[in-house]
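Please read it alongside the coordinates.

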Amino acid sequence: MNQLNRVGVLYNSLKVNDATVLNNKYFYGSMAFQENNFSIGLDVNTFSINNIGLVNNLASISYIYKIQLSNYTFFLPSVSIGLGSINVDVSNLLFEDQILTQGLGYTVTSSKDALAPLISGVNYMDLGASFLVHSEEFMVGLTL
């Protein structure tokens with residue numbers, strides 16, 4: 001906020017049970033161009049769940065413009081664009097055709113579901129817009 005240069009790294013690991021661990025790695029940084037009243041931000045987030053082989057990656061770049069409304073009140077509109085990917089190891093998932101309905105008490109190890117290979121990996125574009133109005137006494141914002 002207010003065109004400060006920042007860099008940071010966050011890491012979180014949560015062990016749900018012996019088989020499930022959630023990991024989150026996050027890097028962010030911003031560079032201010034004070035003479036032009038804008039900042040550029042970059043963030044990279046990686047989230048994974050080990051037992052299903054889920055890996056979600058998202059890298060975004062943001063442009064933030066600074067408008068001073070009064071001595072201590074600022075309006076910061078921004079836009080962002082990002083590229084992401086989600087990958088799942090489908091061999092760790094259980095599909096409906098693998099469940100035997102005859103009550104035999106076991107499942108089939110492989111699926112014949114035609115969509116299984118299609119959901120293993122998806123790439124996508126992420127677009128966003130937001131604003132923040134703040135002073136020393138309040139802060140309000142909205143992001144889409």
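K15 counts as exposed because its relative accessibility is 57%, where exposed means over 50% relative accessible area, buried under 20% and partly exposed in between, with a 1.4 Å probe and protein chains only. K15 forms a salt bridge with D18, and the closest N and O atoms of the pair are 3.8 Å apart; the term denotes a side-chain nitrogen of Lys or Arg within 4 Å of a carboxyl oxygen of Asp or Glu. D18, with a relative accessibility of 75%, is likewise classed as exposed. By this rule the count comes to one salt bridge.

This is a predicted model, in which local features need pLDDT of at least 70 and side-chain atom pairs count only at pLDDT 80 or more, whereas totals for chains, interfaces and linings use all residues. Residues are numbered from 1 along each chain as its sequence is written, and side-chain values use heavy atoms, with hydrogens and water left out.

The chain contains zero helices and eight strands, so that from the N terminus on its elements read β-β-β-β-β-β-β-β; helices (H or I, at least four residues) and strands (E, at least two) are DSSP runs, numbered from the N terminus. The radius of gyration of the chain is 22 Å, well over the 15 Å that the globule rule gives for 144 residues, so the chain is more spread out than a compact globule. That radius is taken over C-alpha atoms, and the globule rule is 2.2 Å times the number of residues to the power 0.38. Along its principal axes, the C-alpha trace spans about 75 × 30 × 25 Å. Of the 144 residues in the chain, 23% are buried. Among contacts between residues at least 6 apart in sequence, 49% join residues at least 24 apart, a contact being heavy atoms within 4.5 Å.

How do the strands β1 and β2 run relative to each other, parallel or antiparallel? They run antiparallel, with 10 bridges joining β1 to β2 (residues 21–33), and two strands are said to pair if DSSP finds at least two bridges between them. β1 and β2 form a hairpin with five residues between them. Within this pairing, N12 stands opposite N24 in β2, while the bridge partner of G8 in β2 is Y28.

On to the next pairing: β2 and β3 are joined in the antiparallel sense over 12 bridges, and L22 stands opposite I49 in β3. The hairpin of β2 and β3 has four residues between the strands, and in it N37 takes a positive phi near 60°. N37, placed in the loop between β2 and β3, has this positive phi although it is not a glycine. With a relative accessible area of 30%, N37 is partly exposed.

| Residue pair | Separation along the chain | C-alpha distance |
|---|---|---|
| N37 and Y65 | 28 residues | 6.0 Å |
| E96 and K112 | 16 residues | 9.7 Å |

E96 lies in the loop between β6 and β7, and E96 counts as exposed because its relative accessibility is 63%.

The elements that give two or more residues to the nonpolar patch are β1 (6–15), β3 (38–49), β6 (74–87) and β7 (121–134).
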